[in-house]
Amino acid sequence: MTIVRDTISLIGNTPLVRLNGASDATGCEILAKCEFTNPGASIKDRAALFIVQDAEESGALRPGGTIVEGTAGNTGIGLALVGNAKGYKTIIVMPETQSREKMDTLRALGAELVLVPAAPFSNPGHFVHTSRRIAEETDGAIWSNQFDNISNRRAHIVGTAEEIWTQTDGRIDGFVCAVGTGGTLAGVGLGLKAKNEKIVIALADPHGAALYNYYAHGELKAEGESVAEGIGQGRITANLEGAPIDTQFRISDEEGLEQVAALLRDEGLCLGLSSGINVAGAIRLARELGPGKTIVTILCDTGFRYLSTLYNADWLRAKGLTVLPWLER
Ligand code: PMP
C-alpha cells in the first residue's frame, strides 16, 4: 500500500489521458493532463503551492501569516487548501462574475472572500489591485501576485513540463493551452523547449483576450468576448515574458463548448470551458502539424465547478450559446 503523507503531496503528478475522439478525428495522438485530479480540482494548485513555498523560503511568509490573492477562483481554492494544510489564513479577492460554485468552495474552505465588480485592469478597483492593497494593509500578510510572481511558472517548468516529458517518453511534437496568468503556457513551453527545441508551443486564445494579436502581429489588441473563466489576458505578465510561442489560434466559446460537449458525451469527462478551448486548440495544432504527431494539452479544472453555468440550459440560453442537447430534456 502506498501512503501519501499529506494533502500537499497530492498536488501534481497528474495522469495523461488519450483523448480518443480528438485523436481519431485528426490521426494524431492528442493527450491531456488531468489537472482536475489535483486536490483543489484545478491546475492552479501547482502555482499556489510553489508561491507559498517560495514565500516561506524567502522569509516573507511566517507561521500564522496571511496569504492574499486576486483570482478568478481556482488559484484562491489552491491557496486556501495549501494555507489550511500549512496553518495560514487566506483572503481571496474575486470578480463577482465568476461561478457561484467557486465562491461557495472558497467559503467552505474557510477563506475570507472579497467580491468586487468586474473592471478593466486600468481601474484601481480591479481584483488584482484590490488584493495588493489588502495585502499591504494586513499585518503579517503576503501578496501572492500570481500574474507577476514567477514562482507560478516555475511550478510548470519543474512540475508539469517534466511530467509531460516523462509520461510521453520524450515523444511529443506540440503543446498547446490558453493563458490566464501565462504560468502554464510559459512554464511548460520553457520546460519542454529545454528538452527539445523542436517541440511546437502554441497559444489557444479565447475571444476578448489580447494575446492572439500580440503573438500574431505584435499588437496587444482584444476583439470580441468570452464567458470562459480563468483565461483571457490583456497584457504581457511577468510569467509570460520570454514565453517561447511558435504559433497561435483564436478559439471561440462555441468552438470550445463543442469540445466540452464531445468530451462529456463521448469520453465521460466533465470539464470547464478553458479545457474545451485547449482541446479545440490541440485539434487545430494537429491539423497544422499533420497526422502521426503527438500533441499535449491541459484539462484545467472540473466541470462540477460550472454546473450553474456551462451545464445549465437557462444560463447558456441567456448568454446566446448552444445548449447541450441532453440539458433540454
Ligand atoms: N483554466 C482555468 C479554469 C483557470 O482557472 C486558469 C487560471 N487562471 C487557467 C485555465 C490558466 O492557467 P494559467 O494561469 O497558468 O495561465
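User: Hi! What should I know before I start?
Analyst: The model is predicted: local features need pLDDT of at least 70, side-chain atom pairs count only at pLDDT 80 or more, and totals for chains, interfaces and linings use all residues. Residues are numbered from 1 along each chain as its sequence is written.

User: Great. In what order do the 6 strands of the open sheet run?
Analyst: The order is E1-E2-E10-E7-E8-E9, with mixed pairing. Strands here are DSSP runs of E with at least two residues, and helices are runs of H or I with at least four, numbered from the N terminus. Two strands pair if DSSP finds at least two bridges between them.

User: And which strands stand at the edges?
Analyst: Strand E1 (16-18) and strand E9 (247-251) do; each has a single partner strand, so one side of each lacks a neighbour in the sheet.

User: How do E2 and E10 pair, parallel or antiparallel?
Analyst: E2 (residues 29-34) and E10 (residues 294-299) pair in the parallel sense over 6 bridges. Cysteine 34 stands opposite leucine 299 in E10.

User: Switching topic: which residues come nearest the ligand?
Analyst: Gly180, Thr184, Gly230, Ser274 and Cys300, out of 19 residues around the ligand. A residue counts as near if its C-beta atom, placed from the backbone, lies within 6 Å.
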